[in-house]
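Visitor: Can you walk me through this one? I'd like the helix packing, then the surface.

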Amino acid sequence: MVSTAPLLGLLTVVLLAFAALGAWYARGRIETVEDYITARDSAGGGTLTATVVASSMGAWILFSPAEAGAAFGGITAVAGYAAGSALALAAFAVVGPRIRDLLPRGHSLTEYAYARYGSAMYAYVLVVSVAYMFVFLAAEFTGIASALSLIAGVPGWQTATVVGVTVLAYTGYGGLRASIVTDTVQTLLVLPLLIVSVVVTILALGGTDAAHAAIVDSSPELLTVGSATGLEFGAYVVVAIVGAEMLNQAWWQRVYAASDERTLRRAFLVAAVAVVPMVFLAGAFGPVAVGLGLVQAPADASVSFFLVVTDVLPDAAVIAVAVLAVLLVVSSADTLFNAIASVVTADLPRLLDVSGDRLTATARGVTVVVAAAATVVGAQGYSVLTLFLLADLLAAATFVPLLHGLFSPRATSAGALTASAVALVVGLAFFPPARGVLPLATLPAATYFRAFLGAAAVSTTLTVAAARLGDERFDLDDLDREIRRLDDEPATDGSGGERR
């Protein structure tokens with residue numbers, strides 16, 4: 001096993017280097033809260049592509065796909081995870097330009113929800129989106145804490161604290177601009193490290209033939225293309241990931257950070273293509289870990305990648321993989337710190353009399369609170385995939401009603417809220433972890449497939465039905481008139497009240 005103190009010391013140095021880079025780049029560039037949370041129109045093609053790729057490659061890529069491959073359907077489940085990850089990013093190549101066109105001065109998805117649907121739907125979307133992003137962040141911290149505990153026996157609270165504090169140091173100071181520049185460097189480091197880690201580990205196993213033979217001897221069903229369990233997982237994970245990413249404020253921020261719509265489309269499409277082989281390669285370690293007999297308990301599945309690495313690689317190579325994992329956490333953690341802070345900050349001027357430097361200070365304060373809470377949760381050791389699935393369910397019930405209003409003038413506030421709430425109830429009724437605490441024994445068996453497909457189907461059906469049955473119309477051009485830049489003077493005539 002790698003020694004605890006040297007590894008933690010090395011990772012601290014790496015993290016401090018990124019903190020210094022982010023703070024240095026942001027120095028003198030944060031003049032208003034707009035600069036802090038939006039970085040509007042500032043990212044060109046290379047920079048935007050790098051930050052989208054880095055933000056999409058959190059530590060989850062080393063945990064969740066491998067857990068899916070080990071415990072949820074083998075190689076077919078991994079393929080479903082890769083497809084869902086790619087489709088979620090590709091969707092923003094369509095939705096992103098629409099957002100910029102209708103809300104050119106916008107900042108957040110909750111701001112859009114208020115302008116389009118009014119206060120009730122706004123409150124619901126605020127809770128769901130922040131809950132999703134917070135759980136995502138906590139899952140990232142949970143994953144890296146579990147990995148370093150396995151690799152070097154590092155206590156979970158130490159890992160979560162070191163990562164949380166150093167990432168907070170530069171995101172709290174430099175906001176989105178600091179996140180974007182560090183993402184660019186992380187992409188240049190992470191991609192080669194990930195590829196080298198996979199290749200070296202496979203070679204240490206004796207090559208792909210040896211790895212394949214180990215799986216065939218132990219659990220050949222994990223290699224069955226089109227297996228029933230794998231297809232079922234793939235179906236619901238696509239819905240889960242696409243729905244969740246539509247409510248991820250991090251992508252809405254980058255929609256506005258793009259220098260133009262052409263750059264926006266290209267960056268998200270390139271990232272969608274890039275994420276497929278990365279998810280597939282990392283996910284393949286799940287079946288490999290099972291084949292080698294390393295997965296002895298259900299909890300082992302989420303660290304399958306690291307079980308294989310620590311079993312076949314020398315300590316020096318294991319340390320390199322630990323650095324890779326930490327870089328992946330940093331690339332998503334700074335993004336999520338900023339995303340959650342921006343959601344809250346964009347709404348404060350409407351709720352409170354706060355602007356200018358006070359608004360920027362408040363944004364930084366929110367970032368600190370989010371970081372502290374995620375650090376605490378991340379040290380508890382929950383299942384990474386279960387955390388993600390819970391967050392994804394919230395979004396799967398909500399994304400269709402929310403985004404329908406971007407394209408249809410007939411979408412109504414009552415219809416969107418009803419569709420989201422009913423769909424969430426349906427999803428929770430069939431969500432396996434919730435069944436144990438809900439008195440619903442008379443319903444069919446709880447499965448993730450029924451939970452996610454049920455939630456998405458119900459929300460879509462009710463959304464379309466409400467729009468067809470209603471006779472209300474909303475002028476989508478009004479959205480721009482309801483939203484202003486945060487460095488403008490506060491509006492004197494109030495915000496528009498309920499939207500339909």
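Guide: Start with T4, L7 and L11 in α1, which meet L148, I151 and A152 in α7. Contact means heavy atoms within 4.5 Å. Helices here are DSSP runs of H or I with at least four residues, numbered from the N terminus. This is a predicted model: local features need pLDDT of at least 70, side-chain atom pairs count only at pLDDT 80 or more, and totals for chains, interfaces and linings use all residues. Residues are numbered from 1 along each chain as its sequence is written, and side-chain values use heavy atoms, with hydrogens and water left out.

Visitor: At roughly what angle do α1 and α7 cross?

Guide: Roughly 140°, with the axes of α1 (residues 4-26) and α7 (residues 119-152) coming within 10 Å. Axes are lines fitted to C-alpha atoms over the stretch in contact, and angles run from 0 to 180 degrees between N-to-C directions. α1 and α7 are therefore oblique to each other. The cut-offs: under 35 degrees is roughly parallel, over 145 roughly antiparallel, 65 to 115 roughly perpendicular, the rest oblique.

Visitor: Is the α1 and α7 crossing left-handed or right-handed?

Guide: Right-handed. That is the clockwise case; left-handed means the near helix is turned anticlockwise from the far one by less than a right angle.

Visitor: And what about α6 and α18?

Guide: α6 and α18 (residues 399-407) pack at about 65°, with axes 10 Å apart. They are therefore roughly perpendicular to each other. Their crossing is left-handed.

Visitor: Which residues meet there?

Guide: In α6, L109, Y112, A113, R116 and Y117. Their partners in α18 are P401, L402, L403, H404, G405 and L406.

Visitor: Switching topic. How many salt bridges?

Guide: Four. The test is a side-chain nitrogen of Lys or Arg within 4 Å of a carboxyl oxygen of Asp or Glu. R105 pairs with D480, the closest N and O atoms being 3.4 Å apart.

Visitor: What does that pair tie together?

Guide: R105 sits in the loop between α5 and α6, and D480 in α22 (residues 478-481), so the pair ties together parts 375 residues apart in sequence.

Visitor: Now the surface. Which residues form the nonpolar patch?

Guide: I195, V199 and L203, with about 290 Å² of accessible area together. Areas use the Shrake-Rupley method with a 1.4 Å probe, with only the protein chains shown as cover for residues. Patch residues have over 30% relative accessible area and no salt bridge; like charges are joined within 9 Å, nonpolar side chains (Val, Leu, Ile, Met, Phe, Trp, Tyr) within 5 Å.

Visitor: Where does I195 lie?

Guide: In helix α8, residues 156-204.

Definitions and conventions
Helix = DSSP H or I, 4+ residues; strand = E, 2+ residues; numbered from the N terminus.
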